[in-house]
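Subject: Structure for your files

Dear colleague,

Please find the structure below. My notes on it follow.

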Amino acid sequence: MIEFHHVTKKYDDEVALDDCSLKIAQGEMLVLLGASGTGKSTFLKMISFEDRPTSGEVVVGAYRSGTAKDAQVRQLRRSLGIVHQEFKLLQDRSVFENVALPLRVAGLNRKDIHARVEEALERVEIPRMGAKMPGQLSGGQRQRVAVARALVNKPTVLLADEPTGNLDHEMSVRIVRIFRELCASGTAVVLATYDLNLIQPEDRVVRLEGGRMKEGR
Amino acid sequence: MRLSFYIAEAWRGLKRAPGVALASAFSLFAAWVVLAGTADALYNGWRFVNAANARKELIVLMKDRSGAEEDSTLGARLKALDEVGSITYVSRDSSWAQLTRELGAEPSMLEAVGANPLPASWRVSLKPELRDAVHLKRLAETVRQYPEVQDALTGGEWVDKLEAWVRKLTWVGFGFGGAVALGVVVLVMLTIRLSIMVRSDVLRVLRLLGAGEWFVRMPFVFEGLILACATSILALVAVEGASRLLAGRWSDWAGMPLGLDLAFLALALVLGAVGSLAGSAAVGRRESA
Ligand SMILES: Nc1ncnc2c1ncn2[C@@H]1O[C@H](COP(=O)(O)OP(=O)(O)O)[C@@H](O)[C@H]1O
Ligand SMILES: [Mg+2]
């Protein structure tokens, strides 16, 4: 599903990722563990083609970082779900419209959009919140809306960048549980976090230190 | 289906920076008022010229001392010409009567002059669709060749001068209108550029969701269309209102016909579309850094 082949990413002289190679299978959950500044966000951006490797190649499904053109990048992104570290909710529209956005991009009809958004909001345990504006929600509720937006289009890959950043432990565990359910239905999940408490024994964990990978915790 | 999303999105864009939207709307309104006002003034200029042309006639003077028979033969000949609509006979006596009436003179003046010096004449008006200076002059030249005709007077030179003047004004109006139209396009374009900057967060999200170029662009196109459409309708209502008010006081003035109103609105839509397409040209193209 996802393959990194000797991926190195430099920003000027700063090495954000250093010779990373790995494979992530369909339905697999990978936890990227590391302190701030160790390259977690950069790793996820390689998968969404927000940035391309300085050297090496990333392959996601049928798309290769070395060759993918704009049109293919768009196609790829429509099959992803992203809970971005700073990919905030849009303040100018309701929760419903925020979650519906990926479906509008995909061109679904009104009825299907309605059903899918309701389903996604139920899944993250904030049903009947659709009419609220993001500003009216608590931090935890907002984060769950962001998760709902990421899973509403039934992605084949879900990327979550510190999605539990400002949540209490109980809420964090509940959100990660949703990710585990997605995995069970075939989605590959890459979860970036610094929170050791979210990891379970059966999880595959990759540690990042200064952009270098170390498998295992 | 997507149409309602684009319009909702455009509306959100306008609400996002209401100050910019209002300033832009106000400037657009002013520009449309100038454009529609110019069109209305020119329309009325031409309307006046056409009405004056329609009143223009050819006065065909018979040779002195022509007889009634000659007069009616010529009448039949004139009537048979293609350009001619209607003709009216003015006898020598009625010419004299009219002259004295206009001069306010006594009937006794005839005695002083001795005999009526005026010739009989035919007043010829052209068919309505041919009433202009060119046709009238051509007819006058034809008729002057006839042996029983002394002269053919076209008269109304002032109408020709007015027409030339209004024609010149029309060209000036087109040039001026073109400049205003260009200004409108630039204004819409700049408004859309600002709107794109203001909504960078939305654009970033749409990029990450894999939205296509036109999906990203259409809301901005609609934003320009909504602005142009709303302000041009308001301006047209204002100009037509003022025009009707003027028409109520001055019978030579009239509001613009529906066709011209619709043409103006269509032009406004086209200018809005061009401006917003130009303003959004760069948006939604590049997907990755
Ligand atoms: N766009 C960028 N420009 C320059 N340097 C960057 C950029 N993105 C990340 N970096 C650098 O790359 C390193 C890894 O960053 P990041 O992937 O965001 O780490 P993390 O998400 O683990 O905190 C950091 O040193 C950061 O300063
Ligand atoms: Mg990060």
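How many salt bridges are there between chain B and chain A? The count is three, a salt bridge being a side-chain nitrogen of Lys or Arg within 4 Å of a carboxyl oxygen of Asp or Glu. One of them joins Arg93(A) to Glu9(B), with 2.7 Å between the closest N and O atoms.

Some conventions before the rest. This is a predicted model, in which local features need pLDDT of at least 70 and side-chain atom pairs count only at pLDDT 80 or more, while totals for chains, interfaces and linings use all residues. Residues are numbered from 1 along each chain as its sequence is written, chains are lettered from A and ligands numbered from 1 in the order in which they are written, and side-chain values use heavy atoms, with hydrogens and water left out.

The interface

Seven residue pairs across the interface of chain B and chain A are in polar contact, both at pLDDT 80 or more (a pair of N or O atoms within 3.5 Å; within protein, one must be able to donate a hydrogen and the other to accept it, and residues adjacent in sequence count only if both atoms are side-chain atoms). On the side of chain B that touches chain A, the elements giving two or more residues are α1 (2–16), α8 (200–208) and α9 (213–249) of chain B (helices are DSSP runs of H or I, at least four residues, and strands runs of E, at least two, numbered from the N terminus). α8(B) gives the most, with seven residues.

In contact terms (heavy atoms within 4.5 Å), 26 residues of chain B meet 29 residues of chain A. The buried area is about 2,300 Å², and carbon and sulfur atoms give 58% of that (accessible area, 1.4 Å probe, that two parts lose on being put together, summed over both).

The sheet in chain A

Chain A has an open, antiparallel sheet of four strands in the order β2-β1-β4-β5 (two strands pair if DSSP finds at least two bridges between them). β2 (14–24) and β5 (63–64) of chain A are at the edges with a single partner strand each, so one side of each has no neighbour in the sheet.

Strand β1 (residues 2–11) of chain A pairs with β2(A) over seven bridges, in the antiparallel sense. Lys9(A) has Leu17(A) in β2(A) as its bridge partner, and Tyr11(A) stands opposite Glu14(A). The hairpin of these strands has two residues between them, and Asp12(A) there takes a positive phi near 55°.

Regards
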